[in-house]
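Hi,

Here's the structure I said I'd pass along. Have a look at it first, and then read on for my notes.

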Amino acid sequence: MGIKALGYVVIETAKPAEWDAFLADVVGTMRVESGKEGVALYRIDDRPFRFRIETGAKEHFRAAAYEVGDAGELAEARAKVAAAGRPIEDGTAEEAQERGVAAFFRTSDPAGNGLEFFHGDTRDDVAFVSPAGVSGFVTGDMGMGHAVFAAPNFAECHEFYRTLGFHDTDIPRFHFSDAADDPGMGFAFMHADNGRHHSVALGEMPMPPSGCVHLMLEMKAQADVGKCHDRMRQAKVPESASIGRHVNDQTFGFYMQSPGGFDFEIGADPLVIDPASWEPTAHLVPSEWGHVWAWQKALEEQEQKKQEEGA
């Protein structure tokens, strides 16, 4: 079996109005009538939805949903998840219909990150129209983008995703300081059976309360990315990292904080790989240029303040 792509995500929130403004007015996704109280749907292409926002008691990323080829492959994925000792909850026929899939099950990886696996995806002929004027998002066979999760038990989680059919793209160890005793932080960027550089990634870090590190959406043009950055500033959405370009997947983009506490990466013009022949790499730094993170800015400001007070 193999993993086709990231299909959709499920997010719980006690702030549905904030998510609506963020997704529609800042990111530029299209609102969809869900027909169910407490559920809001948003689309970015010809799939009925990519974001399922469920009103609840807390801010939590419930699941990234990955597609497999057919019912047999879904059963195979289910068996592998069970063999790894992870909990499984089969979706009902009604829940599958709401998701626009033939069948699915819920589970989590060994760190507790929420996942769904499904087959029998749905498309329609409803035209995507962005309320913010985004020219379009790049999806198709490459899926909606990628999800990044924390994995304090890094080796165990990495092996779990490999067993399920994800493949290594880039396996670096990043060092965020010049200290000799800095152990660095392991990362695993893993691709599905498509050209997107990674459909899931793992970082060797503590679990965040939000249940996710970040989601990535790819826009069709750098101009769309720049305009989204403007909308972020105008809406006073916190910027997590300035505009820059990554080394490994070559994506041009920036990061901002979602109402759920995890980040959104908005990018364009990434590297497209050949999944059948790709040889894993191990880059030494995450960014070719730019991507100054909020925590870096805070440290710089603290250092400047110390210098001014000591002057």
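This is a predicted model: local features need pLDDT of at least 70, side-chain atom pairs count only at pLDDT 80 or more; totals for chains, interfaces and linings use all residues.

Below is what I found, going from the whole chain down to a few details.

The protein has six helices and 18 strands. Its radius of gyration is 19 Å, close to the 19 Å that the globule rule gives for 311 residues, so the protein is as compact as a globular protein of that length.

On burial, 50% of the 311 residues count as buried. The accessible surface comes to about 13600 Å², and carbon and sulfur atoms make up 53% of that. Among contacts with a separation of 6 or more, 68% are between residues 24 or more positions apart.

Now zoom in on strand β1, residues 5–13. Nine of its nine residues are buried, so β1 is largely enclosed by the rest of the structure. Which strands does β1 pair with? One is β5 (residues 60–67), in the antiparallel sense over seven bridges, where A5 has E67 as its bridge partner. Another is β4 (residues 51–55), this time in the parallel sense over five bridges; there, I11 is partnered with I53.

Last, take a look at the surface. F176, W295 and L299 form a nonpolar patch there, with about 310 Å² of accessible area together. W295 sits in helix α6, residues 294–310, and is partly exposed, at a relative accessible area of 41%.

Cheers

Conventions. Residues are numbered from 1 along each chain as its sequence is written. Side-chain values use heavy atoms; hydrogens and water are left out. Buried means under 20% relative accessible area, exposed over 50%, partly exposed in between (1.4 Å probe, protein chains only). Helices (H or I, at least four residues) and strands (E, at least two) are DSSP runs, numbered from the N terminus. Two strands pair if DSSP finds at least two bridges between them. Patches are made of residues with over 30% relative accessible area and no salt bridge: like charges are joined within 9 Å, nonpolar side chains (Val, Leu, Ile, Met, Phe, Trp, Tyr) within 5 Å. Accessible areas come from the Shrake-Rupley method with a 1.4 Å probe; for residues, only the protein chains shown count as cover. A salt bridge is a side-chain nitrogen of Lys or Arg within 4 Å of a carboxyl oxygen of Asp or Glu. The radius of gyration is taken over C-alpha atoms; the globule rule is 2.2 Å times the number of residues to the power 0.38. Contact means heavy atoms within 4.5 Å.
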